[in-house]
Amino acid sequence: MKKFIQIILSALFLYPALLFAQPANDECFNPIVLKDVTEWCSEPGEFSNVGATASNYGLPNCFTNVSNDVWFAFTAEATDVVITIAGKTSQNPGGTLQFPEAALYNGFCGGALGELECATDNGKSIIELYQSGLFVGSTYLIRVDGRVDFTGTFEICINNYNPPADPKSDCPEAAVLCDKSPFVVQSVKGAGKDVAELDNALCFSNGASLNNEMNSTWFSWKCKQSGSLTFTLTPNKINDDLDFVLFELPNGLGDCTNKQILRCMASGDNVYPSK
């Protein structure tokens with residue numbers, strides 16, 4: 001009986017130590033390497049800063065403090081990158097971490113680190129880092145912490161890509177896509193010079209009002225062969241509302257006269273159903 005009690009007590013004392021052990025990527029010189037950098041996401045809650053200690057590197061420009069930071073690394077395969085850190089979000093939570101903060105660096109551990117980008121949470125438990133001008137083959141570091149000593153689990157998503165031409169807000173100035181590689185649109189602002197381009201799109205207010213176009217970007221391409229078309233629009237932040245209209249241009253690229261609607265979907269429309 002005494003031996004049994006001793007085993008139980010030992011297990012009870014060991015469990016907290018294991019639960020709060022330092023993460024393997026607690027310090028810059030031992031980051032977790034993200035090997036897949038094209039439209040890759042970890043599992044929700046896969047990573048954690050619970051039990052991490054503060055690194056000796058300086059305070060990133062948007063951090064309030066450094067308390068429980070952990071490190072990741074990736075090798076650039078293209079020029080632009082978008083990194084999303086999701087914790088305790090209201091929809092599809094990526095973990096338990098509240099108020100995440102993150103910084104992106106070039107350089108190397110033990111030497112000089114150059115801060116490229118910094119992001120801090122505004123209360124939604126999700127942040128996004130974007131950086132262009134990466135050098136293919138170079139290694140970059142990601143530093144993740146929780147504001148004011150918050151700790152928890154989180155999900156990381158990363159997409160390293162070569163962007164198309166800067167998309168415009170008018171159909172005749174659409175960016176031309178040359179292949180099927182994934183990319184990220186950094187911002188969708190303004191309706192351009194022609195605010196009536198979507199007036200015949202019935203999924204927007206059921207065609208009941210004019211000048212429905214408010215914030216848009218246009219892309220165009222030539223089909224190599226006949227067949228079905230599938231594409232995916234994924235918001236970097238779960239609360240973003242994305243709508244789309246697919247047109248056929250019978251007169252060719254750059255000529256939007258007599259454009260014909262093939263598919264219209266306003267997924268965030270609370271008045272009329274999406275079509």
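Is the link of cysteine 41 and cysteine 157 right-handed or left-handed about the S-S bond? With 110 degrees about that bond, the link is right-handed. The analysis rests on a predicted model, in which local features need pLDDT of at least 70 and side-chain atom pairs count only at pLDDT 80 or more, while totals for chains, interfaces and linings use all residues. Residues are numbered from 1 along each chain as its sequence is written, and side-chain values use heavy atoms, with hydrogens and water left out.

A search of the whole structure identified four disulfides, a disulfide being a pair of cysteine sulfur atoms within 2.5 Å. In the pair formed by cysteine 41 and cysteine 157, the sulfur atoms are 2.0 Å apart. Cysteine 41 belongs to strand E2 (residues 40-41) and cysteine 157 to strand E10 (residues 153-161), so the bond ties together parts that are 116 residues apart in sequence. Helices (H or I, at least four residues) and strands (E, at least two) are DSSP runs, numbered from the N terminus. Accessibility was classed by relative accessible area: buried under 20%, exposed over 50% and partly exposed in between (1.4 Å probe, protein chains only). On this scale cysteine 41 is partly exposed at 38%, whereas cysteine 157 is buried at 18%.

A second disulfide joins cysteine 28 to cysteine 109, with 1.8 Å between the sulfur atoms. Its angle of -80 degrees about the S-S bond makes the link left-handed. Cysteine 28 is located in the loop between helix H1 (2-19) and strand E1 (32-33), and cysteine 109 in the loop between strand E6 (100-107) and strand E7 (113-120); the pair therefore ties together parts that are 81 residues apart in sequence. Cysteine 28 is buried, at 2% relative accessible area, while cysteine 109 is partly exposed at 24%.

Cysteine 171 and cysteine 256 also form a disulfide, with their sulfur atoms 1.9 Å apart. This link is left-handed, with -85 degrees about the S-S bond. Distant parts of the chain are linked here, as cysteine 171 lies in the loop between E10 and strand E11 (175-176) and cysteine 256 in the loop between strand E13 (243-248) and strand E14 (260-266), 85 residues apart. Both cysteine 171 and cysteine 256 are buried. Cysteine 223, by contrast, is exposed, with a relative accessibility of 64%.

The structure holds one salt bridge, defined as a side-chain nitrogen of Lys or Arg within 4 Å of a carboxyl oxygen of Asp or Glu. The partners are arginine 143 and aspartate 69, whose closest N and O atoms are 2.9 Å apart. Arginine 143 is part of strand E9 (residues 139-146) and aspartate 69 of the loop between strand E3 (47-48) and strand E4 (70-75), so the contact ties together parts that are 74 residues apart in sequence. Arginine 143 is buried, with a relative accessible area of 0%, and aspartate 69 is likewise buried at 0%.

Nine aromatic pairs were counted. Rings of Phe, Tyr and Trp (its six-membered ring) pair if their centres lie within 6.5 Å, and planes under 30 degrees apart count as stacked, over 60 as edge-to-face and the rest as tilted. Among them, phenylalanine 47 and phenylalanine 154 form a tilted pair, 6.3 Å centre to centre with 40 degrees between the planes. Phenylalanine 47 lies in strand E3 and phenylalanine 154 in strand E10, so this pair ties together parts that are 107 residues apart in sequence. Both phenylalanine 47 and phenylalanine 154 are buried. Phe47, Phe72 and Phe154 make up one aromatic cluster.
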